[in-house]
Amino acid sequence: MKTLRELTRPNIWNLKPYSCARNEYDGVDASVFLDANENPYNNPINRYPDPLQKELKERIAAYKDVSPEQIFLGNGSDEAIDLVYRAFCEPGIDNVVAIDPTYGMYQVAADINNVEYRKVLLDSNYQFSAQHLLDAADDRTKMIFICSPNNPTGNEMDGREILKLIEQFDGIVILDEAYNDFSLRPSMLASLSDYSNLIVLQTFSKAWAGAAIRLGMAFASPEIIEILTKIKYPYNVNLLTQQKALEILDRKEEQKEWVASILKERENLADALLQLPVVEKIYPTDANFFLVKVIDADRIYKYLVAKGIIVRNRNTVSLCGNCLRITVGTPAENQTLVGALKVFQL
């Protein structure tokens with residue numbers, strides 16, 4: 001692997017980060033704050049939040065069995081995705097490689113940052129070859145993106161190929177585990193200390209049912225986390241999000257019940273969909289959604305919208321012709337969907 005200094009943009013490596021008021025004192029139990037030009041009224045939202053989210057990181061670290069120094073918290077995982085481009089890729093010069101199809105924000109962030117985005121098509125089983133990704137890379141490839149379970153296909157990527165990729169690529173591998181809580185495969189977090197070029201993304205949006213608070217997590221070596229922290233905006237995670245995330249972490253048993261309920265309903269919904277004439281195939285899934293091949297995705301999508309039922313039309317996505325992506329809802333929501341599809345007519 002290239003050294004972290006070789007992978008990091010020189011201007012970022014040499015950057016002196018902005019020092020906000022809350023960064024400049026530590027370890028002092030203060031009660032009078034006259035340093036940040038805040039309004040002294042309307043406590044607590046009159047005060048800037050902890051820029052390093054220390055309490056929240058300590059709670060997450062204990063739950064995930066990592067150190068706080070291995071955690072970056074952002075405004076959704078999308079912030080971490082954008083920051084890795086800004087940290088490691090020279091605009092107009094460097095490139096990244098990713099599987100196709102996959103989560104669309106990887107390419108959007110590449111386009112925003114003027115970084116070439118190289119797609120490598122999955123096979124007919126929606127799996128990838130590490131060698132094919134490595135073959136698409138060159139000496140200007142800084143990062144490779146893998147989403148597992150993948151979006152929109154729903155399936156886990158081959159674990160042996162993931163390890164081969166991490167071990168043979170001399171840049172950074174970003175493994176997006178947004179849907180890992182719905183899969184039987186263990187997270188790669190336990191391997192962080194073994195691979196200094198690995199970044200694992202997770203989120204509060206899916207299994208933790210916290211999409212509205214916009215909190216994403218990136219786990220990596222302390223050295224990579226230090227670079228991301230250096231270039232983030234000072235107060236990127238607001239106080240209300242930090243407080244709500246702490247509350248959510250207190251609901252661990254309820255979260256397990258949510259996941260168990262979704263997994264049970266995933267099986268029930270799959271069985272019901274497979275009985276419908278409009279459904280041609282349901283692809284194997286390890287997530288909280290299905291990729292479903294239907295007889296006419298565009299017409300069925302519009303039909304469902306007219307009935308107030310919103311799914312995702314993936315008909316124009318690579319390898320997803322005539323496919324809808326359907327999230328597993330509550331039993332009542334799923335029954336409404338199935339009932340509507342039962343009476344659909346071409």
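**Exercise 1.** Which residues of helix H5 (residues 105-112) are buried?

*Solution.* The model is predicted: local features need pLDDT of at least 70, side-chain atom pairs count only at pLDDT 80 or more, and totals for chains, interfaces and linings use all residues. Residues are numbered from 1 along each chain as its sequence is written, and side-chain values use heavy atoms, with hydrogens and water left out.

Step 1. Helices (H or I, at least four residues) and strands (E, at least two) are DSSP runs, numbered from the N terminus. Buried means under 20% relative accessible area and exposed over 50% (1.4 Å probe, protein chains only).

Step 2. In H5, Tyr 106, Ala 109 and Ala 110 are buried. Seen down the helix axis, these residues fall within an arc of 105 degrees (directions from the axis to the C-beta atoms), so they line one face of H5.

Step 3. Asp 111 and Ile 112, on the other side of H5, are exposed.

Step 4. The cover over the buried residues includes helix H4 (77-88) and strands E3 (116-121), E4 (141-147) and E5 (172-176); contact means heavy atoms within 4.5 Å.

**Exercise 2.** State the strand order of the open sheet of 4 strands, and identify its edges.

*Solution.* Step 1. Two strands pair if DSSP finds at least two bridges between them. The order is E8-E9-E11-E10, with antiparallel pairing.

Step 2. E8 (279-282) and E10 (312-313) each have a single partner strand, so one side of each lacks a neighbour in the sheet.

Step 3. E10 pairs with E11 (residues 323-327) over 2 bridges, and Asn 313 stands opposite Leu 324 in E11.
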